[in-house]
Amino acid sequence: MQTVFKAALAYLVVTIVLRIIGRRTASQQAPMDMVVLFLFGGLSVSAVLGEDHSFFGAMSALFTVGMMHVAVSWLKIRFVWLERLLDGTPIVVLHDGRWTEQAMRRLRLQQADIRTAARQRGLDDMEQVKVAIVERDGTISIIEKD
Amino acid sequence: MKIIHDDPPMPEEIENGFYPRFENGWRHAEVVGRCLMVVFIAGCVGGLLGPGLFSERHAQNHDASLAADYDAVVRAGAPTTIKLETRVPPGGDQVAVTMSRDLVDDLGLSSITPAPQRWQAGNHNVRITFPVVAGQKRAFILLSGSPSFHGGHTFWVHLDAGETLSWSQFGVP
């Protein structure tokens, strides 16, 4: 029973902490962001299972996390405020050549990240970018000028 | 259950920067959350939430026959040690320490150094006899275990002839 409780708690804690530290990490943009995710996974496993190396122990934690995910996803559909709370909303960081510095600072994004996204879109000039949006999952969407 | 929400048209959303009021509010929550994490880390380092810089305590009974060094806050399932220093009877080559059953049970006593010469179980206590180098006035005993208790807990030990030494430890998850 303790494993189930710990797994549910760990799911909630990791969800909240990932949200608090910012969406940059969630999008796995750079190796240093992946380090955080790998460490989160490892630390959570040891916190949930501890010395319990049994098959049933691991399965009970796995099923609990799975069902927590289903439950939270359902709640996100049911309540828009929860969806915004857990996933955030898109943020415009560049609009018609104007950078939103405050948003960039809060997202810990550099100009280079936006330029990378523009290149990935096949653009070789930032003048061609109408809007750059940091999506809820941390990816950057580029909308070209007409 | 309504799944499709009445969001404004996308060009309008982009023009308005989506939901800046929500993101500004969330920013405050983020800062508060990060501050709480820093406070938690500081608590851990300092020893308020487990062994840390200032968590070690020293206790000694009035007749100085026993002294203990321990962590005031211990974490359930994490290893911890209690260092006991006992007075050796003059000319003796062994010392017998009686300890509360909780020390064996709730502290999850897993190892004792040096290895005891003899164990005697009582109803609420355990009497353990240790060999001592002849001529020594004090002996050092190390108790190791993984606590299983939460909240405050009091432990005690005493020699056959001597006052009881008791101390409290607080268990956190």
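**A residue in its setting**

Guide: V65(A) counts as partly exposed because it has 18 C-beta neighbours inside 10 Å; a residue is termed buried if 20 or more other C-beta atoms lie within 10 Å of its own, exposed if 12 or fewer, and partly exposed in between, with C-beta atoms placed from the backbone. The model is a predicted one, in which local features need pLDDT of at least 70 and side-chain atom pairs count only at pLDDT 80 or more, while totals for chains, interfaces and linings use all residues. Residues are numbered from 1 along each chain as its sequence is written, and chains are lettered from A and ligands numbered from 1 in the order in which they are written.

V65(A) is located in helix α4 of chain A. Helices (H or I, at least four residues) and strands (E, at least two) are DSSP runs, numbered from the N terminus. Leaving aside residues up to four places away in sequence, V65(A) touches A7(A) and Y11(A); a contact requires that the C-beta atoms of two residues, placed from the backbone, lie within 7 Å. Between V65(A) and G88(A) there are 23 residues of sequence separation and a C-alpha to C-alpha distance of 22 Å.

Chain A as a whole contains 7 helices and 4 strands, in the sequence order α-α-α-α-α-β-β-α-α-β-β. Its assignment, automatic or from a database, gives domain 1 (2-87) and domain 2 (91-144). The C-alpha centres of these two domains of chain A are 29 Å apart. The C-alpha trace of chain A spans about 60 × 35 × 25 Å along its principal axes. The radius of gyration of chain A is 19 Å, whereas a compact globule of 146 residues would have one near 15 Å; the radius is taken over C-alpha atoms, and the globule rule is 2.2 Å times the number of residues to the power 0.38. Of the 146 residues in chain A, 17% are buried. Among contacts in chain A with a separation of 6 or more, 57% join residues 24 or more positions apart.

The contact between the chains takes 13 residues from chain A and 15 residues from chain B. On the side of chain A that touches chain B, α4 (55-78), α5 (80-87) and β1 (91-95) are the elements giving two or more residues.
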